[in-house]
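Colleague: I would like to go through this model with you, a few spots at a time. Shall we start?

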Amino acid sequence: MQQSYRNYFKLGINHHLLFPASFDSAEAHRVSLPEVLSYPEFEVIDLFVSEEADIAVEQIRQVRDSGRIPVYNCPLLSGPRLNPNSPDEAIRNETVAAAASHLQRAQAIGAKKAVIASGPNPGPAQIAEQTEAFVDYVAKLCAAVPELTLMIEPFDRSIGKNLLIGSTREAAEVVRRVQEAGKPNIGLLIDMGHVPLMEETFAQAVADSSSYIRHVHLGSCVKRDPADPLYGDMHPPWGYPGGENDVPELVEFLKALFASGYLGSSGERPTVTLEMRPYPGRSERESVDIFLEKLEKAWRAV
């Protein structure tokens with residue numbers, strides 16, 4: 001491709017994967033966000049806002065002042081009283097309330113899109129029943145925040161996250177049903193790093209979801225070596241030893257996105273976010289530079 005990728009999509013960076021310590025440390029989350037917001041190459045930032053009130057106020061101001069387009073990434077919700085696909089309606093309603101608190105912060109930073117996911121995989125005998133419960137959960141959440149476009153992110157069902165919705169086709173079916181129930185503010189996020197874990201090809205995943213894609217994550221995964229510290233859905237960088245994705249796979253994925261119409265259609269440029277950890281032994285900024293070099297190389301080959 002001769003024209004810049006910036007003519008085709010708005011590029012983003014995922015804050016909490018570039019600084020994975022921010023998952024467990026509110027202070028690490030607080031101090032690293034300004035650095036990510038300072039990177040001039042990005043129009044979009046994927047993030048969540050701290051649940052600590054004083055930090056949240058600071059982060060909401062920082063994101064709004066940055067001019068970046070925020071995409072809110074809700075954390076996975078699981079626990080004794082949290083499960084988006086629980087057959088117990090009371091637990092689902094409590095989960096809706098927990099998710100809604102995140103979505104209020106999403107609205108506070110000016111986000112128009114937010115990422116959600118299903119809950120734990122209950123096992124084959126309960127998948128059908130709990131998929132029905134998840135459809136109910138998603139419809140209720142869409143009704144609670146009609147101003148936001150919610151995006152279901154499909155995950156693996158056996159490696160890493162092990163969630164209920166374990167294929168792109170299943171996620172697309174949930175979206176279809178919720179839309180038919182009168183909730184138009186629902187779509188899908190396709191994560192390049194999840195596709196190998198779901199035993200899908202890029203062409204298949206994109207074809208199964210093309211009309212519903214609202215956002216894309218670019219990354220990788222490790223699925224062949226359970227002893228690797230980044231085994232499963234741990235978001236290693238492109239080209240990580242033992243990882244599944246690098247420049248050739250990125251070329252294939254971008255071609256699938258063009259074939260689906262997510263890229264290359266007229267109208268507003270869609271959003272695409274880099275979602276990877278830093279390279280071992282490299283700083284976050286150095287790693288971002290490598291991500292961008294690989295993206296440029298793949299783009300030229302599309």
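Colleague: Which backbone nitrogen does the side chain of His15 reach?

Modeller: Keep in mind that this is a predicted model. His15 sits in helix α1, residues 15-18. Its contacts beyond four places in sequence include Ser32, Val36 and Ile45. At 3.4 Å, the side chain of His15 reaches the backbone nitrogen of Leu33.

Colleague: Is His15 buried or exposed?

Modeller: Away from its sequence neighbours, His15 is in contact with residues including Ser22, His29, Asp46 and Leu47. Its relative accessibility is 0%. Buried means under 20%, so His15 counts as buried.

Colleague: Now Asp233. Which side chain does the side chain of Asp233 join in a polar contact?

Modeller: Asp233 lies in the loop between β7 (213-218) and α8 (247-260). Leaving aside neighbours within four places, its contacts are Phe155, Asp156, Gly160, Lys161, His194 and Leu197. The polar contact between side chains spans 3.2 Å, and the partner of Asp233 is His235.

Colleague: And is Asp233 buried or exposed?

Modeller: Asp233 is a loop residue, placed between β7 and α8. Its relative accessibility is 3%. The cut-off for buried is under 20%, so Asp233 counts as buried.

Colleague: How many nonpolar residues does the contact of α5 with α6 have?

Modeller: The crossing of α5 and α6 is right-handed. From α5, the contact uses Thr131, Glu132, Phe134, Val135, Val138, Ala139 and Cys142; from α6, Val174, Arg177 and Val178. By class there are 1 polar and 2 charged residues, and the nonpolar count is 7.

Colleague: What about α4 and α5: at what angle do they pack?

Modeller: Helix α4 spans residues 89-108. Its axis and that of α5 are 10 Å apart. The pair is oblique, and the crossing is right-handed. The packing angle is about 40°.

Colleague: How many charged residues are in the contact of α4 with α5?

Modeller: α4 contributes Glu89, Arg92, Asn93, Thr95, Val96, Ala99, Ala100 and Leu103. α5 contributes Ala133, Asp136, Tyr137, Lys140 and Leu141. Besides 7 nonpolar and 2 polar residues, the charged ones number 4.

Colleague: Next, backbone angles. What is the phi of Asn162?

Modeller: Asn162 sits in the loop between β5 (149-152) and α6. At a relative accessible area of 30%, Asn162 is partly exposed. Its phi is positive though the residue is not glycine, with a value near 55°.

Colleague: Last one. What separates the C-alpha atoms of Pro278 and Ala53?

Modeller: Pro278 is in the loop between β8 (271-274) and α9 (284-301). Outside its sequence neighbours, its contacts include Leu17, Leu18, Pro20 and Pro237. Ala53 is 225 residues away along the chain, and the C-alpha separation is 29 Å.

Terms used: Residues are numbered from 1 along each chain as its sequence is written. This is a predicted model: local features need pLDDT of at least 70, side-chain atom pairs count only at pLDDT 80 or more; totals for chains, interfaces and linings use all residues. Side-chain values use heavy atoms; hydrogens and water are left out. A crossing is left-handed if the near helix is turned anticlockwise from the far one by less than a right angle, and right-handed if clockwise. Helices (H or I, at least four residues) and strands (E, at least two) are DSSP runs, numbered from the N terminus. Contact means heavy atoms within 4.5 Å. Ala, Val, Leu, Ile, Met, Phe, Trp, Tyr, Cys and Pro count as nonpolar, Asp, Glu, Lys and Arg as charged, and the others, Gly among them, as polar. Buried means under 20% relative accessible area, exposed over 50%, partly exposed in between (1.4 Å probe, protein chains only). A polar contact is a pair of N or O atoms within 3.5 Å; within protein, one must be able to donate a hydrogen and the other to accept it, and residues adjacent in sequence count only if both atoms are side-chain atoms. Axes are lines fitted to C-alpha atoms, for helices over the stretch in contact, and angles run from 0 to 180 degrees between N-to-C directions. Angles under 35 degrees count as roughly parallel, over 145 as roughly antiparallel, 65 to 115 as roughly perpendicular and the rest as oblique.
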